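Q: Hi! Could you walk me through this structure, starting with the packing and then the charged side chains?

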Amino acid sequence: GAKLAKGDILAFLDDDVFVQPGSFRRMLEIFRQYPQCGVVAGQVTPKYECDPPAWSLRCSREVNGWSLQYPERAPYLGNGFQELVFAVGAMLTLRRSAFEAIGEYPDDIVMIETAPHSNKYFRLDIGAGDAGIASLVRARGYKIYYDPHIACSHLVSKNRMTPHFWRARMISEAI
């Protein structure tokens with residue numbers, strides 16, 4: 001998709017996020033205002049498909065297996081607009097020049113459900129993903145900015161609230 005895109009700003013979104021109105025406009029303002037900005041990140045809050053068990057909420061707070069980024073999960077984000085060292089990939093925008101400087105988007109992960117509706121997962125990490133982007137962008141002299149006025153909700157499906165999901169997530173990341 002990035003190779004076919006015509007613009008100077010590239011937005012990468014998970015297929016299960018719902019972007020808050022005005023977020024893209026604010027992202028463009030930040031890129032215009034800060035020429036050294038390579039990545040703009042915002043809040044990524046949960047949209048639960050059902051009530052999560054308490055233990056899965058604890059796992060998410062400790063490991064961030066649901067790819068969330070908001071002040072209740074990371075209190076330093078409560079400081080408002082700021083420079084970060086990392087942004088989650090569920091909603092990530094990059095300046096095209098930064099994207100090209102890092103050699104495009106590093107491969108991420110593949111989550112394979114072993115049988116339809118089984119809630120059993122095998123997770124295969126095939127690259128650095130969003131953490132890799134953050135590191136590469138910063139190494140090339142670009143900044144990563146977070147703005148709490150940029151936001152989306154990220155669907156947390158009930159199959160991500162199972163021991164099978166968390167076991168696969170933690171084993172694959174060697175946690």
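A: Happy to. First a term: contact means heavy atoms within 4.5 Å. Helices (H or I, at least four residues) and strands (E, at least two) are DSSP runs, numbered from the N terminus. This is a predicted model, where local features need pLDDT of at least 70 and side-chain atom pairs count only at pLDDT 80 or more, while totals for chains, interfaces and linings use all residues. Residues are numbered from 1 along each chain as its sequence is written, and side-chain values use heavy atoms, with hydrogens and water left out.

Q: Great. What do the buried residues of helix 1 pack against?
A: They pack against strand 1, strand 2, strand 3 (37-48), strand 5 (91-95) and strand 8 (143-156).

Q: And which residues of helix 1 are buried?
A: In helix 1 (residues 23-33) they are Ser-23, Met-27, Ile-30 and Phe-31. They sit on the same side of the helix because they cover an arc of only 100° around the axis, the arc being that of the directions from the helix axis to the C-beta atoms. Buried means under 20% relative accessible area, exposed over 50%, and partly exposed in between (1.4 Å probe, protein chains only).

Q: Which exposed residues are on the face turned away from that side?
A: Arg-25, Arg-32 and Gln-33.

Q: Switching to charges: how many salt bridges does a search of the whole structure find?
A: Four. A salt bridge here is a side-chain nitrogen of Lys or Arg within 4 Å of a carboxyl oxygen of Asp or Glu.

Q: Which residues are linked in a network of them?
A: Arg-26, Glu-29 and Asp-147. Glu-29 and Arg-26 meet at 3.2 Å, N to O; they are three residues apart in helix 1, so about one helical turn separates them.

Q: Where does Lys-143 find its partner?
A: Its side chain meets that of Glu-83 in a salt bridge (3.8 Å, N to O). That pair links distant parts of the chain, with Lys-143 in strand 8 and Glu-83 in strand 4 (residues 82-84), 60 residues apart.

Q: What about Asp-16, buried or exposed?
A: Asp-16 is buried yet has no salt bridge; the nearest side chain of opposite charge, Arg-160, is 5.0 Å away. For charge, Lys and Arg count as positive and Asp and Glu as negative; His and the chain ends are not counted.

Q: Then what does its side chain make a polar contact with?
A: The side chain of His-154, at 2.9 Å. A polar contact is a pair of N or O atoms within 3.5 Å; within protein, one must be able to donate a hydrogen and the other to accept it, and residues adjacent in sequence count only if both atoms are side-chain atoms.
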